[in-house]
Amino acid sequence: MAKKEKKKQTFSFKDTQQEALNLYPIRLILLFAFSVLVMMTPYYRGLYFDYELMVFQAIAAVIFILLVLYLYASKIGFEVKYKLEYILLLFMVAYIVPFFFAANRRLAIGEFLKYAFYFAIFAMAIRLATGRFEKLTILNALFISTIGVAFFGYQAAVGLIPETARPLGMAMNGLWAGNMINSTLQYHNTAGTVLAFGFIIGLLLGLYTENKFLRAFYFAASSFVLTAFFFTYSRGSYVTLPIALLVFFILLPREKRISFVFNLALIGAIVLAFLNKVGAQLNPNGKEKLWLILLMQFAVVWAAAYAFSFVEKRLYVLKNDVYIISALTIAALGIIGFIIALNMHLIPTSIVDKIKSISFKDRNFVERLVFYKDGLKIFLKSPIFGYGGGTWVSLYFMYQSYLYFTTQSHNYFLQVLLDTGLFGFAILMVFLYTLFSTALRAWLKKDKDKNILIAGIIGGAVQLYLHSILDFDFSLASVQVLLFASLGVLIAIVQEVLQKSKEDGKLIVQRKTKVLSPALLVFYLFVMIISINFRIGNYNANIGQQALQMNNLTAAYSFLSKAVEYDSLSSSALSDYATVLYKIGDQNKDANLIAKANSYFKQAITNDRFNAKIRFKYAVYLLSHGAIDEGLKQIEEGIKLQPLQPNNYELKADAYAKVGDYYLGKGDKEKARKYYEVVLKIPQEIERVKRERERMPEVIKQDPNSHKFGITDRTLQIVNEVKKKI
């Protein structure tokens with residue numbers, strides 16, 4: 001009986017293998033589709049905006065569903081079995097838990113959908129990176145993606161890509177701004193960390209391949225990326241890249257450390273030698289010369305790396321003492337050479353100034369510390385579960401130490417703390433601990449071939465995570481897509497290594513539920529539908545808002561009604577739609593439309609309860625329709641939400657003055673006086689708020705462009721006019 005059972009199992013295994021082999025072309029198509037999806041993400045404003053993000057989320061959901069169906073069809077099967085997958089799913093739960101008491105429900109659900117996107121990327125990368133070819137396909141896609149980021153940055157710098165050009169289906173504006181490479185990521189610091197990540201992946205691919213020609217090509221392409229990196233002027237990345245490279249170096253096998261040191265020194269020296277020449281051409285006059293210089297740099301690096309590859313292996317036999325002394329000598333010479341290059345102006349002055357300005361007293365650093373301090377005030381208001389995705393942008397005006405404008409906290413870990421509280425933050429810490437401890441467990445098995453990949457991917461992840469402490473890179477979905485695609489490959493490698501020593505139980509959950517896999521299929525079907533709906537809603541809301549600004553109420557009504565139909569959580573669409581309704585209602589004397597507007601305003605406030613602008617819009621509606629006390633109450637609530645915004649006091653002064661005028665016109669002087677007196681007290685109110693709330697650091701005060709809180713000329717004018725009336 002036992003023999004029959006064994007025979008049956010063997011047949012089943014062979015049958016599964018044959019089925020998988022027959023369907024392998026489909027797997028290649030899915031691998032290609034996944035790689036292209038990941039590769040393209042930085043080119044659409046880093047997927048920062050819903051307009052592009054929702055399209056990519058829907059496509060990722062489709063590829064995920066097709067991959068799951070392929071795995072079932074090939075009899076391999078699909079199950080959520082990795083501990084990191086369960087932790088990531090739990091992290092998604094942490095983002096959906098605060099939904100009902102979220103600061104902004106639309107942003108909360110949007111952030112939840114982002115992590116569903118990242119989970120899909122992570123899960124697909126693990127399952128697609130089954131062989132050497134598949135792993136290298138994904139890693140090459142990541143590297144090519146960052147080469148593209150560098151390419152578009154260069155092209156924009158010399159004016160070969162006009163801001164109105166649409167080579168990828170969207171306007172290429174902001175790629176080169178303030179003499180800095182922002183590229184398609186629209187922000188120079190994010191471009192900096194993505195290019196640093198790409199440089200590490202390029203080095204990894206160069207160290208991994210044994211083909212001398214290809215290795216030299218990877219190193220030359222890495223120099224192309226590194227040069228662009230310098231011209232992002234990302235000071236944070238200037239600091240984090242050396243740390244990430246050090247991690248990469250430490251984790252490499254001994255022989256590859258020698259290769260790493262010499263090739264990095266070679267690339268660095270040549271890039272620094274060409275940096276001034278490249279910098280001089282980053283203007284519209286450098287259209288031809290820039291590419292000749294970059295091509296020359298590429299050729300020099302390629303030739304040097306190719307020549308070095310013939311003698312490289314001879315260095316592997318060096319004794320440890322000689323090897324260590326050589327490495328330290330090269331490092332010391334590199335530092336000395338860099339200092340000499342700085343002093344001899346071999347490096348562009350603009351880059352030198354940026355490096356020299358890295359200081360704890362620098363305005364940007366001081367300002368970030370203020371953001372973090374203000375963020376902790378928000379955290380203490382809901383420390384366990386947070387306020388859901390978008391907490392910072394919804395609440396920072398209420399808790400800021402002085403008037404500043406930033407939609408991001410500039411610290412990913414603080415953002416998670418605000419969005420999900422200690423619950424989500426703890427899950428993130430567990431995820432990172434499990435990720436790196438499991439990867440290091442595999443690294444300790446000393447599989448030289450695999451350890452090159454482990455070292456490089458960990459180095460790239462360290463770069464992105466470290467820089468995310470200093471900036472808002474992870475708010476651009478494409479950055480996390482690049483990260484999770486690489487981490488998926490890492491886990492696929494780790495599984496292979498641990499499986500050989502039968503320790504993959506450290507990576508895999510032993511008790512798996514059969515319900516979760518089909519549930520995820522249904523879930524991603526909903527993700528696809530919701531993403532498409534939100535995309536349609538966003539499209540209609542944008543056009544509807546433009547029509548409203550031009551006072552084209554018919555067009556505004558048409559588009560905004562569709563916007564709220566497809567995205568009923570969008571507070572901006574709801575409030576704009578409410579505005580259109582009451583304006584049409586006023587024109588046609590339609591009481592039903594006016595009343596309907598009221599319900600949409602209330603819905604907008606429910607979905608986005610800390611939004612002062614919506615409350616001010618609602619106040620205008622209420623005041624213009626006779627609900628004076630309720631309208632003024634909304635203005636007061638709006639000021640509580642943005643106490644350091646001077647223009648809000650203009651609105652308050654104007655509203656109370658007009659109500660006073662209304663009662664004065666009716667002959668009720670006592671009632672008019674009541675509202676006029678509120679106006680007269682506004683200067684004292686502003687002084688009190690300034691005294692109690694404004695805490696501006698000296699370095700910010702010294703900046704003439706800082707937003708100092710105080711009374712505006714318009715507010716003073718209204719106060720003086722009221723004085724005459726009273």
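The model is a predicted one.

Start with the second largest pocket. Its volume is about 1200 Å³. Its lining is made of 34 residues. Leu 245, Leu 264, Ala 331, Gly 334 and Ile 335 lie nearest the centre of this pocket. Which helices supply at least two residues each to the lining? They are H8 (212-230), H9 (235-251), H10 (254-280) and H13 (320-343). Helix H13 gives the most, with 12 residues. What is the lining like by class? It holds 30 nonpolar residues and 4 polar ones. No charged residue takes part in the lining of the second largest pocket.

Now turn to the rings. A pair of aromatic rings is described by two things, the distance of the centres and the angle of the planes. The count for this model comes to 60 aromatic pairs. One of them joins Phe 112 and Phe 523. Their centres lie 5.9 Å apart, and their planes stand at 70 degrees, an edge-to-face pair. This pair links distant parts of the chain. Phe 112 belongs to helix H5 (residues 105-128), and Phe 523 to helix H20 (residues 516-549). In the chain they are 411 residues apart. Phe 523 has a relative accessible area of 24%, so it is partly exposed.

Phe 151 and Phe 152 make another pair. The ring centres of Phe 151 and Phe 152 are 5.6 Å apart, with the planes at 75 degrees. The pair counts as edge-to-face because an angle over 60 degrees falls in that class. Phe 151 is partly exposed at 32% relative accessibility, while Phe 152 is buried at 10%.

Ring pairs also build a cluster. Its members are Phe 91, Tyr 95, Tyr 115, Phe 117, Tyr 118, Phe 122, Phe 431 and Phe 484.

The charged end of Arg 106 sits over the ring of Phe 534, 4.0 Å from the ring centre. Lys 212 lies over the face of Phe 310, with 5.4 Å to the ring centre.

Salt bridges come next. The count is 28. Take Lys 377 and Asp 374. Their closest N and O atoms are 3.1 Å apart. Both residues lie in helix H15 (residues 363-379). They are 3 residues apart, about one turn of the helix. Lys 377 is partly exposed, with a relative accessible area of 31%. Asp 374 has a relative accessibility of 1%, so it counts as buried.

Lys 450 and Glu 496 meet in a salt bridge of 3.6 Å, N to O. Here the partners come from distant parts of the chain, 46 residues apart. Lys 450 is in helix H18 (residues 448-468), and Glu 496 is in helix H19 (residues 477-500). Lys 450 is buried at 13%, whereas Glu 496 is partly exposed at 23%.

Glu 698 and Lys 701 form a salt bridge too, at 3.7 Å from N to O. Both lie in helix H29 (residues 698-701), about one turn of the helix apart. Lys 701 is partly exposed, with a relative accessible area of 41%.

Asp 50, Arg 106 and Asp 567 are joined by salt bridges that share partners. Arg 106 is also the residue whose charged end sits over the ring of Phe 534.

Key. Residues are numbered from 1 along each chain as its sequence is written. This is a predicted model: local features need pLDDT of at least 70, side-chain atom pairs count only at pLDDT 80 or more; totals for chains, interfaces and linings use all residues. Side-chain values use heavy atoms; hydrogens and water are left out. On a 1 Å grid over the protein atoms alone, a cavity is a set of points where a 1.4 Å probe fits but cannot get out, and a pocket is an open set with protein on both sides within 12 Å along at least five of seven lines; lining residues have an atom within 4 Å of a point. Grid points are joined across faces, edges and corners, and a volume is the space filled by probe spheres set on the points. Helices (H or I, at least four residues) and strands (E, at least two) are DSSP runs, numbered from the N terminus. Ala, Val, Leu, Ile, Met, Phe, Trp, Tyr, Cys and Pro count as nonpolar, Asp, Glu, Lys and Arg as charged, and the others, Gly among them, as polar. Rings of Phe, Tyr and Trp (its six-membered ring) pair if their centres lie within 6.5 Å; planes under 30 degrees apart count as stacked, over 60 as edge-to-face and the rest as tilted. Buried means under 20% relative accessible area, exposed over 50%, partly exposed in between (1.4 Å probe, protein chains only). A charge sits over a ring if NZ of Lys or CZ of Arg is within 6 Å of the ring centre and within 35 degrees of the ring normal. A salt bridge is a side-chain nitrogen of Lys or Arg within 4 Å of a carboxyl oxygen of Asp or Glu.
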